[in-house]
Protein chains: 2
Amino acid sequence: MCESAAFILKENKLERIMDNVVTIDPYDGKVYLTDLLGEEKIVDGVIKEIRLIDHKIIIEENN
Amino acid sequence: MCESAAFILKENKLERIMDNVVTIDPYDGKVYLTDLLGEEKIVDGVIKEIRLIDHKIIIEENN
């Protein structure tokens with residue numbers, strides 16, 4: 001399976017905020033995440049990096 | 001495997017630009033893509049949507 005975990009980068013630390021993420025939609029300064037079960041999470045930030053091999057989505061919080 | 005294909009959205013059509021993408025780094029109005037073999041492609045655009053289940057990365061070109 002290809003779902004990934006989403007992390008927020010805060011003060012140089014990664015904080016895991018969602019598992020099994022399947023869609024990622026950045027829009028207007030926010031990132032909309034949806035997981036396998038259809039749950040949605042909206043993060044105030046921008047995508048910093050996505051590493052599919054590590055299954056990691058890293059989001060940087062807006063200041 | 002979890003690599004995906006990257007597409008550019010142009011005039012409402014999706015144009016495939018890279019296969020086996022493993023990292024995606026949006027930065028400063030560009031999207032840096034790297035594939036399994038380490039090849040890099042730089043696209044002048046923003047991430048519009050990523051669908052991991054469909055293995056699709058959709059990038060909208062800057063005007």
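This is a predicted model: local features need pLDDT of at least 70, side-chain atom pairs count only at pLDDT 80 or more; totals for chains, interfaces and linings use all residues.
**Ground rules**

I number residues from 1 along each chain as its sequence is written, and I letter chains from A and number ligands from 1 in the order in which they are written.

**Entry 1: the fold of chain A**

I looked up the secondary structure first. Chain A has zero helices and five strands. Here helices (H or I, at least four residues) and strands (E, at least two) are DSSP runs, numbered from the N terminus. Along the sequence I read the pattern β-β-β-β-β. The radius of gyration of chain A is 11 Å, close to the 11 Å that the globule rule gives for 63 residues, so chain A is as compact as a globular protein of that length. That radius is taken over C-alpha atoms, and the globule rule is 2.2 Å times the number of residues to the power 0.38. The C-alpha trace of chain A spans about 30 × 25 × 15 Å along its principal axes.

**Entry 2: inside and surface of chain A**

Next I checked burial. Of the 63 residues in chain A, 43% are buried. Buried means under 20% relative accessible area, exposed means over 50%, and partly exposed is in between (1.4 Å probe, protein chains only). Chain A exposes about 3,800 Å², and carbon and sulfur atoms supply 44% of that area. The areas come from the Shrake-Rupley method with a 1.4 Å probe; for residues, only the protein chains shown count as cover.

I then looked at contacts, meaning heavy atoms within 4.5 Å. Among those in chain A between residues at least 6 apart in sequence, 28% join residues at least 24 apart.

Chain A has 8 positive and 14 negative side chains. Lys and Arg count as positive, Asp and Glu as negative; His and the chain ends are not counted. The centres of the two sets lie 6 Å apart, with each charge placed at NZ of Lys, CZ of Arg, CG of Asp or CD of Glu.

**Entry 3: where the chains meet**

How many residues does the contact take from chain B and chain A? I found 19 residues from chain B and 19 residues from chain A. The two chains bury about 1,500 Å² between them, 66% of it on carbon and sulfur atoms.

**Entry 4: A:S4**

I found A:S4 in strand 1 (residues 4-10) of chain A. With a relative accessible area of 3%, A:S4 is buried. Leaving out residues up to four places away in sequence, A:S4 touches several residues, including A:M18, A:H55 and A:I57. Its list also includes B:L52 from chain B. A:S4 and A:G38 are 34 residues apart along the chain, and their C-alpha atoms are separated by 14 Å.

**Entry 5: A:P26**

A:P26 sits in strand 2 of chain A. Its relative accessible area is 22%, so A:P26 is partly exposed. Beyond residues up to four places away in sequence, A:P26 touches A:V31, A:I47, B:I47 and B:K48.

**Entry 6: N20 in both chains**

A:N20 is in strand 2 (residues 13-27) of chain A. Phi of A:N20 is near 55 degrees, a positive value in a residue other than glycine. B:N20 is in strand 2 (residues 13-27) of chain B, and has a positive phi of about 55 degrees although it is not a glycine. B:N20 is partly exposed, with a relative accessible area of 36%.

**Entry 7: B:K56**

B:K56 belongs to strand 5 (residues 56-61) of chain B. At 30% relative accessibility, B:K56 counts as partly exposed. B:K56 and B:F7 are 49 residues apart in sequence, yet 7.3 Å apart in space, C-alpha to C-alpha. B:F7 is one of the residues that B:K56 touches.

Methods
Side-chain values use heavy atoms; hydrogens and water are left out. Buried area is the accessible area (1.4 Å probe) that two parts lose on being put together, summed over both.
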